[in-house]
Amino acid sequence: MVAAGRVARVVIDSALPQLDHFFDYRIPDELEAEARPGVRVKVPLRTAGRIADGYIAEIAADDDAFDGSLSPIESVVSPVPVLAPEVWSLARRVADRSAGTANDILRLAVPGRQVRVEKAWLAEREAAAVKAGSKVTPTAPSIAEPAVRGYGKRVLEDAVLQHERLALDAIPRLAQLPDGSWVGEWAVTLATLATGCWSRDESAIIAVPDYRDLDQLAAALTAIAPAAAVARVDAAQSNPDRYRAFLSALSGPRIVIGNRSVVYAPATRLGMIVVWDDSDPLHAEPLSPYVHTRDAALVRQELQKCALVFAGLTRSVEVQRLVELGWVTEVSPERAVLPKVVLTANQPAAEPVARAARIPSTAWQAARAALTGDRGDPRGPVLIQVARPGYAPVLACAKCGQAARCNRCDGPLGQSRAGATPSCGWCGALATDWHCDNCEHDRFRMVTVGAGRTAEELGRAFPGVRVIVSDGEHSLQTVTDAPAIVVATRGAEPIAAGGYRAVLLLDGERMLARETLRVAEDCLRWWSNAAALAAPGAPTILVGVSGALARSFATGRTSEYARTELADRRALRFPPAVRLASITGAADVVAETVDAVDPGSLIDVLGPAPHGDGQVRSILRFEYAKGQEVAAAVRAAYVRNATRRRRAPAGKSGFRPAPSLRVRFDDPDIL
DNA sequence: AGCACGCCGACT
DNA sequence: GTCGGCGTGCTC
């Protein structure tokens, strides 16, 4: 093929679904050298003068191309191939699978260009290349592969080496790093595996749900891997830092760590993808097309044939399904490490102070033993896990018991601090002269008790003991090993040096009262994650919950629970036994979209049901095998809708109407 | 998104 | 006659 016959297949950087396909451009002679796959380009679109940004996805021969005359590429923005070919295929596949646009995925995959950072990086590369040219062999990583502990000799290492897919049961205990700090053992396990990849000159990607996890992982890596081997990519970084990390991942094998969108990071010779704690809701991408980290990781593994590790202290029902299909293989610790779990009923304690703090006797005694050492146990901090943040998040009328509502907007009233004036959770208005709608009474009673309140009562019970509160708003990463009462909302538990001497899970009953499909799974995860913060042999006390769920937690058989849960979902034809897609929007648009799908590829259609603001929602239910065709049909309807329906002229008001059609596949919170 | 094209109502 | 409304469609 002749050089002049080459065309650039460009993906236009635009949110418009109707532009979500290749546009072919001629490569002018003067750009021949720079026009490489993955580079950012500027291209004319429609009329001369209108210039769009885009990426060259591929270079192709002119034969099968567009049968009009090709416009030339306007310019190559920079020579850096920011869109690696495998990331492009991943974006395309993931978008198609979820009836979205590749651009929506690219927005997560490729950070905005930072010219200064990029120039510095290019200069550095140039310098390195000159050096290499002057007879220095490119340096391969020069560290030995570290051994993973706790899983049997080379069991994990070999599985990763052979690029297998694994469901890894993490070890529920803490580990101390050489610098004296403490992290979850899981962080050491994953850091060790990733460093193993890197020592073989391969990249590893590790996606964790939140920043607290990311910090633990980064700390564990610091102890094992050279700093230059690690690229941390997260949204909280400044744009230049983020771009620096991105370019670093592009430069050679790295251990790339970050939150959910790190699954799309560029990676030289990708050896392994790890998803830590895949049932954490933070792995569900809130931006269209709402692709879960787990699903993106599965697609990427299939494309690149690297190792894939779903690791967690508990197993998600989704991963359990993959295990039962034989798609992933279970790996458990060599010796079971079981937190010492005690179940106790919610009967009030004899001690008045304990009763005020609504802590049953067993739990109370464990806490007291840890704080005072009165049983001869080692003294140390006690973790108290509660369901809700705040002081008294929900208030009711003291006389008739009706929930207290804002007199202005009917929002729920709550109290943020002892003695504070209650305020509305919706409009924020202070309820200064509140009266009950029902009985006109004007005094409140607390219905749920938040972390702050519990802390206050416990503090009174143990004079002289420090009370520490960690919740979503003010979360602490660590506490020392000094005796202290640490009241934390689920997910915000600090790590105690050496582990907690007792862990009290207080609000299990309330956590279980939520009406979602995933309550049981969520509770197991919250409890297990807290129990893993206990010191060896220290008790974890689950208050007021009994039954199969509590038993599987107490016996450490959480994956067995995932199995029964999956069996139930199969019987009900609920996800993840089947797949769902929700279609939300104006009634006619939703109907049109649903009609575009061949009924033969669906199990059924639920709805349409009203879904707020004059919109409706229909839910399509289908088997995994039909995913391809359902997504294709929905995507076609979505594109058609975007071209046919114009946004109502904004007029003078400036109000933008909601998008007329929203499509979401596999929404974890749908039922 | 923008912008052109095109097919019907009010106008010098 | 034709100026211009915005519904419809296209962008390599």
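Predicted model: local features only at pLDDT ≥ 70, side-chain atom pairs only at ≥ 80, totals over all residues.
Let's start with two strands running antiparallel: strand β27 (residues 579-585) and strand β29 (residues 616-622), joined by 7 bridges. Two strands count as paired here if DSSP finds at least two bridges between them. The labels come from DSSP too: helices are runs of H or I with at least four residues, strands are runs of E with at least two, and both are numbered from the N terminus.

Residues are numbered from 1 along each chain as its sequence is written, chains are lettered from A and ligands numbered from 1 in the order in which they are written, and side-chain values use heavy atoms, with hydrogens and water left out.

Back to our two strands. They belong to an open sheet of 4 strands with antiparallel pairing, in the order β28-β29-β27-β30. β28 (604-610) and β30 (661-665) are at the edges with a single partner strand each, so one side of each has no neighbour in the sheet. On average, and ignoring direction, neighbouring strands of this sheet are turned by 15° against each other. Helix α18 (residues 627-644) packs on the sheet and touches β27, β29 and β30, and its direction makes about 165° with that of β30. For angles like this, axes are lines fitted to C-alpha atoms, for helices over the stretch in contact, and the angle between N-to-C directions runs from 0 to 180 degrees. Touching, or contact, means heavy atoms within 4.5 Å.

Now pick out R664, which sits in strand β30. Is R664 buried or exposed? With a relative accessible area of 19%, R664 is buried. The cut-offs are under 20% relative accessible area for buried, over 50% for exposed and anything in between for partly exposed (1.4 Å probe, protein chains only). Leaving aside residues up to four places away in sequence, R664 touches A284, E285, Y290, L580, A581 and S582. A cis peptide bond joins P575 and P576, with omega about 5°.

Next, look for strand β13 (residues 307-312). 6 of its 6 residues are buried, so β13 is largely enclosed by the rest of the structure. In a regular strand the side chains alternate between the two faces of the sheet. In β13, A307, V309 and A311 point one way, L308, F310 and G312 point the other way, and all are buried.

What does β13 pair with? Strand β6 (residues 165-169) runs parallel to β13, with 5 bridges between them, and L168 stands opposite A311. Strand β12 (residues 270-276) is also parallel to β13 and joined to it by 5 bridges; here I273 has L308 as its bridge partner.

To get from β12 to β13, follow the chain through helix α8 (residues 293-304): together these three make a right-handed β-α-β unit. Right-handed means that, with the strands pointing away from you, the path from the first strand over the helix to the second runs clockwise. R269, in the loop between β11 (255-258) and β12, has a positive phi near 45° although it isn't a glycine, and at 47% relative accessibility R269 is partly exposed. In the loop between β12 and α8 lies P289, joined to S288 by a cis peptide bond with omega about 0°. K305, in the loop between α8 and β13, is another residue other than glycine with a positive phi, near 55°. At 51% relative accessibility, K305 counts as exposed.

Finally, let's see two helices meet. The axes of helix α5 (residues 185-199) and helix α6 (residues 211-224) come within 8 Å and cross at roughly 55°. That makes α5 oblique to α6; angles under 35 degrees would be roughly parallel, over 145 roughly antiparallel and 65 to 115 roughly perpendicular, with the rest oblique. Residues making the contact include W186 and L190 of α5 and L217 and L221 of α6.
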